[in-house]
Amino acid sequence: VELVESGGGLVQAGGSLRLSCAGSGRTSSMYAMAWFRQAPGKEREFVTAIDWSGSVNVYADSVKGRFTISRDNAKNTVYLQMNALKPEDTAVYYCASSHVWVGVRPEYEYWGQGTQVTVSS
């Protein structure tokens, strides 16, 4: 399974960005999809996750109400709509997938290379 993120960039505080993660390979390994992020000097942290049906999703408290995860299974793609961005959202954002529900834990089987999101104040 290969995961490729796109959509990162530089945005002003209060702005929006939409990240995409396109998967290729065994679709069964994309049952659960998630976004993590890692800021400079910090550990990678969970952002949000979604199951195959799209009916189960979880968010970190820090992004709840501002970020929305969704997926298009026909395109093997998961999206992260980020609104009301803050400077503390600055990080490299990683897409991850697993054949089972993992939730907030980092034990996803496949990871993308990451896309940089920078929010200026």
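**Figure 1. The disulfide of Cys-21 and Cys-95 in the predicted model.** Both Cys-21 and Cys-95 are buried. Their sulfur atoms lie 2.0 Å apart and form a disulfide; the count for this model, which is a predicted one, comes to 1 disulfide. The torsion about the S-S bond is about -80°, so the disulfide formed by Cys-21 and Cys-95 is left-handed. Cys-21 belongs to strand β3 (residues 17–24) and Cys-95 to strand β9 (residues 91–98), so the bond ties together parts that are 74 residues apart in sequence. In general terms, a disulfide is a covalent bond joining the sulfur atoms of two cysteines.

**Figure 2. The aromatic cluster of Phe-36, Phe-46, Tyr-108 and Trp-111.** A pair of aromatic rings is described by the distance of the centres and the angle of the planes. Searching the whole structure gives 4 aromatic pairs. One of them joins Tyr-108 and Trp-111, with ring centres 6.3 Å apart and planes at 80°. An angle over 60 degrees counts as edge-to-face, so the pair of Tyr-108 and Trp-111 is edge-to-face. Tyr-108 has a relative accessible area of 5% and is therefore buried. Trp-111, at 26%, is partly exposed. Ring pairs link Tyr-108 and Trp-111 with Phe-36 and Phe-46 in the cluster.

**Figure 3. The largest cavity and its lining.** A probe the size of a water molecule, rolled over the atoms, shows where empty space is left. The search of the whole structure returns 1 cavity of 30 Å³ or more, and the volume of the largest cavity is about 30 Å³. Its lining consists of Met-30, Met-33, Arg-71, Asp-72, Asn-73, Asn-76, Thr-77 and Val-78. Strands β7 (67–72) and β8 (77–82) are the elements that give two or more residues to this lining. By class, the lining residues of the largest cavity divide into 3 nonpolar, 3 polar and 2 charged.

**Figure 4. Glu-43 in the loop between β4 and β5.** The loop that holds Glu-43 runs between β4 (32–38) and β5 (45–50). Glu-43 has a relative accessibility of 70% and so counts as exposed. Leaving aside neighbours within four places in sequence, Glu-43 is in contact with Arg-37 and Gln-38. The C-alpha atom of Glu-43 is separated by 22 Å from that of Ile-69, a residue 26 residues apart from Glu-43 along the chain.

Key
Residues are numbered from 1 along each chain as its sequence is written. This is a predicted model: local features need pLDDT of at least 70, side-chain atom pairs count only at pLDDT 80 or more; totals for chains, interfaces and linings use all residues. Side-chain values use heavy atoms; hydrogens and water are left out. On a 1 Å grid over the protein atoms alone, a cavity is a set of points where a 1.4 Å probe fits but cannot get out, and a pocket is an open set with protein on both sides within 12 Å along at least five of seven lines; lining residues have an atom within 4 Å of a point. Grid points are joined across faces, edges and corners, and a volume is the space filled by probe spheres set on the points. Helices (H or I, at least four residues) and strands (E, at least two) are DSSP runs, numbered from the N terminus. Ala, Val, Leu, Ile, Met, Phe, Trp, Tyr, Cys and Pro count as nonpolar, Asp, Glu, Lys and Arg as charged, and the others, Gly among them, as polar. Buried means under 20% relative accessible area, exposed over 50%, partly exposed in between (1.4 Å probe, protein chains only). Contact means heavy atoms within 4.5 Å. A disulfide is a pair of cysteine sulfur atoms within 2.5 Å. Rings of Phe, Tyr and Trp (its six-membered ring) pair if their centres lie within 6.5 Å; planes under 30 degrees apart count as stacked, over 60 as edge-to-face and the rest as tilted.
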